[in-house]
Structures are given as structure tokens and as C-alpha cells.
Amino acid sequence: MILPFAVGLFSCKPTVDNYKEAYNLALQKDQGDIDDEIYQKMKDEDAPKKTIVGSDTIRTKIEPLSRLNIDGSRTPPSNKFNVVVGIYKISINANAHVDQLVSQGYESFLLKNTDSQFYVVAGSFDEIELAAKFVKAFEKKHKGQYVGVDEPVVVTPSHLMKRF
């Protein structure tokens, strides 16, 4: 159970060495070789950062991304604040999630990061305040219905970001 999480701790491209390192970390945790507090700090460092927007707190992350279009081409994302509700390694699964959200009325699409992960975006905005409002509304309607994330994460393509 810890192994899948530990693999997610390492944001490098998947290699045999990364998997071995994640596996060894999980073993150390299971055997009690890593203090719970240190393990939690390691998890927190890799987690999206908490950002306060008005009276709300949302998770945010900045990284290199490209948008996957229906025809299979890639383009730079045009909006700064993309609400991610699913992260997949397999595009077919990610596309099925996008189709489900589109059928529910969301303007959903895929982003792909440099680690070949597919991000399912439920909403995309130019202003962080609108993204935060969307996150709260989405959480009310779909609480716990996320894949690969504990809660919606507002992801910003690094090419659009100076800092907010």
C-alpha cells in the first residue's frame, strides 16, 4: 500500500533506480527505519503547495506542461490556472475521465507533464480567484472523486508563470 505512494514521491522520470529508491523507502517505512515525522515531511515537500486565495486555501503547483488536443497534437496551454482532478499514467484512462467530465458539462481536457503523466483538467481560468471558486464548487459536488490526487490541484504551466 505504501509502495504506490512512495513511487509518487519521486517526480523524476521513471527509471529502474527511481523505482528501487521508492521501494527501499517504502520498506524502510514499513520496517520502522524512517521516523513518521521525517516521512511526513518528505511527503509534504513533494505535495502541491497551499496557497491562500481570499478566504480559501487551495493546492497549487507550477510545472512544464503541454495541452493534448483531440487530434493528438500538443500546444502550450493558454490559461494560467488549470484545476486538475485526475492524474494518470495511461492516456486511455485519462481520456475516459475527460469524457465523463465533458458529459457532465465541464470544459475538460488533458495536459501532459514532462514525466508523461496525463492531467485531467476540469476547469481552466486566467485568474486564480476564479480557479479557487471553481475548486470549492467542484469539491462540494464531487468530494473524494479524484484519481491520483487527494483534492483538486490548480496547476500552472511554467511557461505562463512569473509568480503569483
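This is a predicted model: local features need pLDDT of at least 70, side-chain atom pairs count only at pLDDT 80 or more; totals for chains, interfaces and linings use all residues.

Reader: Great. How many helices and strands are in the protein chain?

Author: Five helices and eight strands, taken as DSSP runs numbered from the N terminus (helices are H or I, at least four residues; strands are E, at least two). From the N terminus on, the order is α-α-α-β-β-β-β-β-α-β-β-α-β.

Reader: And what share of the residues is buried?

Author: Of the 164 residues, 38% are buried. Buried means under 20% relative accessible area, exposed over 50%, and partly exposed in between, with a 1.4 Å probe and protein chains only.

Reader: Let's look at helix 5. Which of its residues are buried?

Author: Ile-128, Ala-131, Ala-132, Phe-134, Val-135, Phe-138, Glu-139 and His-142. They sit on the same side of helix 5 because they cover an arc of only 160° around the axis, counted from the directions from the helix axis to the C-beta atoms. On the other side, Lys-133, Lys-140 and Lys-141 are exposed.

Reader: Nice. What does the buried side pack against?

Author: Its partners include strand 1 (49-53), strand 2 (56-63), helix 4 (91-103) and strand 7 (118-125), with contact meaning heavy atoms within 4.5 Å. Helix 5 is followed by Gly-144, which has a positive phi near 75°.

Reader: Switching topic: what lines the second largest pocket?

Author: The lining includes Arg-67, Asn-69, Asp-99, Phe-109 and Phe-118. Strand 3 (65-68), helix 4 and strand 6 (109-113) each give two or more residues, and helix 4 gives the most, with four.

Reader: How do those lining residues divide into nonpolar, polar and charged?

Author: Six are nonpolar, four polar and two charged. Ala, Val, Leu, Ile, Met, Phe, Trp, Tyr, Cys and Pro count as nonpolar, Asp, Glu, Lys and Arg as charged, and the others, Gly among them, as polar.

Reader: Last one: where is Ser-116?

Author: Ser-116 is in the loop between strand 6 and strand 7. Its phi is near 60°, a positive value in a residue other than glycine. At 39% relative accessibility, Ser-116 counts as partly exposed.

Notes: Residues are numbered from 1 along each chain as its sequence is written. Side-chain values use heavy atoms; hydrogens and water are left out. On a 1 Å grid over the protein atoms alone, a cavity is a set of points where a 1.4 Å probe fits but cannot get out, and a pocket is an open set with protein on both sides within 12 Å along at least five of seven lines; lining residues have an atom within 4 Å of a point.
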